[in-house]
Amino acid sequence: MVEKHRHREFIGYQVYSTQRSLARNLELCLAPFGLTTGQYNALNQLEEHGAMAQKQLAELLKKEPATVARSLERLVQRGLVTRTPDPRDRRANIVEVTPEASRLLSEIEPVVTRRQQQIADGISEAELDAFYDVLARIKANAIRSTEEN
C-alpha cells in the first residue's frame with residue numbers, strides 16, 4: 001500500500017518554498033542597487049569566469065538563451081556588461097563585465113554577506129556542511145531519477 005503524503009511533506013515542495021523565500025530576500029537586498037536576482041547572478045558568473053560566449057553564459061545560468069539575452073541587454077544599457085561579436089562565430093556574442101560592474105559587485109558584496117549571515121543565524125558550520133551534503137545528494141538522486149525515466 002502506498003503511503004499518502006501531504007504536498008508540504010515532499011522534499012521538492014520544501015526546497016521550492018525555501019528557495020522562493022531566499023529569492024525574495026535577495027530581491028529586497030538587490031533592489032537599492034537596481035538589479036534583479038538574475039542580473040546579479042549573471043554579473044557574478046561573468047566576474048568569476050571571465051568573458052564568455054552568451055550561449056555559454058546561458059548554459060552556466062541554466063536559463064534559456066532568449067531570457068539571458070533580454071537580461072544582458074538591460075545590463076549593457078546600464079554600462080555593466082559589454083557585448084562584442086565573437087571573432088570565431090559571427091552569429092555569437094562574447095559578453096564580459098565592465099569595471100563599473102566590478103565596482104557595483106564590490107559594493108553589493110557586504111550587503112549580501114550580511115544578509116546571508118542573518119539567514120544562517122543559529123546554524124553551526126557543521127550543520128551547514130551537512131545541509132550542503134544532503135542537498136548535493138538530493139540533486140544527484142533527482143538527476144539520476146530523471147535520467148532513468
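This is a predicted model: local features need pLDDT of at least 70, side-chain atom pairs count only at pLDDT 80 or more; totals for chains, interfaces and linings use all residues.
Local features need pLDDT of at least 70 and side-chain atom pairs count only at pLDDT 80 or more, while totals for chains, interfaces and linings use all residues. Residues are numbered from 1 along each chain as its sequence is written, and side-chain values use heavy atoms, with hydrogens and water left out.

View 1. Q39 lies in helix α2, which spans residues 37-49, a helix being a DSSP run of H or I with at least four residues, numbered from the N terminus. The side chain of Q39 reaches the backbone nitrogen of T36 at 3.0 Å. Leaving aside residues up to four places away in sequence, Q39 touches G34, S71, R74 and L75, where contact means heavy atoms within 4.5 Å.

**View 2. The aromatic pair of F131 and Y132.** Rings of Phe, Tyr and Trp (its six-membered ring) pair if their centres lie within 6.5 Å, and planes under 30 degrees apart count as stacked, over 60 as edge-to-face and the rest as tilted. By this rule there is one aromatic pair. The ring centres of F131 and Y132 are 5.8 Å apart and their planes stand at 50°, so the pair is tilted. F131 is partly exposed, its relative accessible area being 44%.

**View 3. Helices that line the largest pocket.** The helices α1 (11-30), α2, α4 (65-77), α5 (99-119) and α6 (125-148) each supply at least two residues of this lining; α1 gives the most, with 10 residues.

Note on methods: A polar contact is a pair of N or O atoms within 3.5 Å; within protein, one must be able to donate a hydrogen and the other to accept it, and residues adjacent in sequence count only if both atoms are side-chain atoms. Buried means under 20% relative accessible area, exposed over 50%, partly exposed in between (1.4 Å probe, protein chains only).
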